[in-house]
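Me: I am new to this structure. Can we walk through it together, one question at a time?

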Amino acid sequence: MPEILFLAPYSDIAQVAQKVCQGSNDVTISVSRMDAAVELARKAEKMGYHVLITRGVTFWKLHNAGLDLPLVEVSIGGYDIVRAFFEAKKMGRRVGIVDVEEVVNNLDLDAFTETVEDELVKYICHNDLEDISKGVQYLREQGVEVVMGKVAMANEAGRQGMKSVVISSGMDSVRRAIEEARRVNFVRKQEAKKAEQFKAILEFSYDGIIALDREGKITVFNKASETISGWKAEDAIGKFITHIIPNAGCQRLLSSGQAEIAEFMEIGGTKVLANRVPILVDHKIEGVVTTFQQIERLQKLEGKVRRKLADRGLAAKYHFRDILGHSVALVNAKNLAKEYAGVDSTVLIQGATGSGKEMFAHAIHNASKRKNEPFVAINCAALPESLLESELFGYVEGAFTGARKGGKAGVFEMAHQGTLFLDEVGEMSPMLQARLLRVIEQGEVMRLGDSSIIPVDIRLIAATHRELRKMVESNAFREDLYFRLNVLSLKIPPLRVRDKDILLIAYRFLNEFCSRRGKIMGKFSPAAEKCLLDYAWPGNLRELRNAMERLAMRPWVDEITSQEISNVLFMDEGAISAEKRPATPKPQNPDNKTFSFAPLPASGDKVMNQLEKQVILQILEEVGGNKTEAARRLGISRTTLWRKLQG
Ligand SMILES: Nc1ncnc2c1ncn2[C@@H]1O[C@H](COP(=O)(O)OP(=O)(O)OP(=O)(O)O)[C@@H](O)[C@H]1O
């Protein structure tokens, strides 16, 4: 359907328009003028026309009729005047023109008459019949015989007994008007498209969006604003914001021009975060846009993001509240860790296996300003050197045989803006220690096989069960790296020096596992309690947790006996001895100050490792070699299981 309506005030111009539009079908040409043209234009609006073209007084009639459709005027050009003048000269000696200013002044008629050495009497009129009549009368008084002008002027000249020539629009003027109408139509469509997009953004935004003009009156009030405020857009638009949302705080922006971001406030009982920004045009405040985000929704979203990160293993699970224990040693460590969470320096966590180093690393991250950013953990003992190197620093495509297509980001890149937890950092090879030192010093990584540098912003938390200081002394660990890692030092006490915690935590773990199995939690007999307290807990809380899990699987009557405890603890030691043994005695530790390990029955780390390995192998046998299931039963990760089997 044509989208442009050409309202030709007389048939000559309609014919010209017809010629111009030959071959195209986007313009309807209709002969109609003055009030009839206004009537037709109104119909055209309803019929879906986009642009109107007309000329002369009809143009002004339409212009003043309050139509929504854009109007294009067929203007009068220089050629049109020249044509009309020579035609008029054929009809009389003295020629005059009555027309609006744009025609009489802007077309430089004087230059034309000078060139043809003739005269043209001029009268500038407004587009109203009274003034036109005055103009014609003026020309008559000046001795003019032929009047040039638009149809309305020519008609008036006839009424006053004078000859007239209508200045018609020629091909050139009509063509220009049609092209202009097409341009207007195109721009209008573009604008309509943008307006639709803008409307969709406003309507589908979860944020309340309100725009104000420079007086503080509402010009935009989207759906979410309706939900938050309880007002309907049609009632709010045009009202002062102070009337609709008295505490919106936009008024001060109209004078200060200062944006206000993330301010807490309440609208109609809903807690929101408000952002307010001034609209500045040529440095002048032309209004304000304010957006409101519902805090409840933000929290839900945050939870969702965290769950997503957790799915990818990039979120820290534990908080300080999850770290159980009331013993002085643990409370001191927790307090220190909380202080460390408030700063951004590197932390070195030292403590025996299973004492909770990783839990502390999680908790520090979750209490730090980086809590909404990734937490990436990597166990330096679980991977051979070359694999660990590529995991740490990443690689580019083709860096080595088997390198993944497109390359891979290392954990430094993955942890950008968040925290990187390097577990078992003491197990790093000298080569990797050197590379790690460079990354820490320069704050940039280079992927394997690449020469470009990637800046990273991470907080580093390293952990080890080894005495790193001693490793430095024996040249097994770089001293410079040690100092870089040990900026803030955190020592996690082993369970055996946390008497006060043992029973408390044992009950907590037991309760957790019993309730998972729908079993009522029993009570330790005094002898069982003594057994738990006397045991040395070389595997610390992990061992305690595993023991309680096993205990929850066993049947007991009312009380949990020392026999039950011995049974589950022997299992943890690898069930190497079929005969019943008392629990590994705890060394004397009267002042609870030293955190050194108790000597083991057969003495030393190596024996412990062997015992652990045997336990793992036995469990593996029980579960038919399924490593995931074995790790689950033992309460350790697959990597720890792998590491322990290598050890
Ligand atoms: N204070 C604590 N409160 C509750 N549970 C704890 C606590 N400390 C440790 N645990 C439990 O012990 C398990 C081992 O903790 P974690 O992995 O943090 O120890 P780790 O010192 O990092 O061990 P490793 O040196 O073997 O990596 C955890 O899964 C957790 O369930």
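**A walk through the model**

Me: How far apart are the end C-alpha atoms of helix 19 (residues 430-442), and what span should its residues give?
Reply: This is a predicted model. Helix 19 has 13 residues, so at 1.5 Å a residue it should span 18 Å. The end C-alpha atoms agree with that span: they are 18 Å apart.

Me: Which residue just after helix 19 takes a positive phi?
Reply: Look just past the end of helix 19. The phi there is about 65°, and the residue is G443.

Me: What is the bridge partner of T54 in strand 4?
Reply: Strand 3 (residues 51-54) runs parallel to strand 4, and three bridges join them. In strand 4, T54 has as its partner E73.

Me: Which residue in the turn between strand 11 and strand 12 has a positive phi?
Reply: Strand 11 (residues 260-267) and strand 12 (residues 270-281) run antiparallel, joined by six bridges. I267 stands opposite T270 in strand 12. The hairpin leaves two residues between the strands, and the one with a positive phi of about 50° is G268.

Me: How many bridges pair strand 12 with strand 13 (residues 284-294)?
Reply: These two strands also form a hairpin, with two residues between them. In its turn, D282 has a positive phi of about 50°. L273 stands opposite Q293 in strand 13. The pairing is antiparallel, and the bridges number ten.

Me: Which domains each give at least three residues to the shell around the ligand?
Reply: Start with the helices: helix 16 (357-366) and helix 24 (540-553) each supply at least two residues of the shell. On the domain level, the two that each give at least three are domain 4 (312-491) and domain 5 (495-646).

Me: How many residues of the shell around the ligand are charged?
Reply: There are 16 residues around the ligand, and L324, G356, K357, E358 and L541 come nearest. Sorted by type, four of the shell are nonpolar and seven are polar. The charged residues number five.

Terms used:
Residues numbered from 1 in each chain as written. Predicted model: local features only at pLDDT ≥ 70, side-chain atom pairs only at ≥ 80, totals over all residues. Near = placed C-beta within 6 Å. Helix = DSSP H or I, 4+ residues; strand = E, 2+ residues; numbered from the N terminus. Nonpolar A, V, L, I, M, F, W, Y, C, P; charged D, E, K, R; others polar. Domains from an automatic or database assignment. Expected span 1.5 Å × (residues − 1). Pairing = 2+ DSSP bridges.
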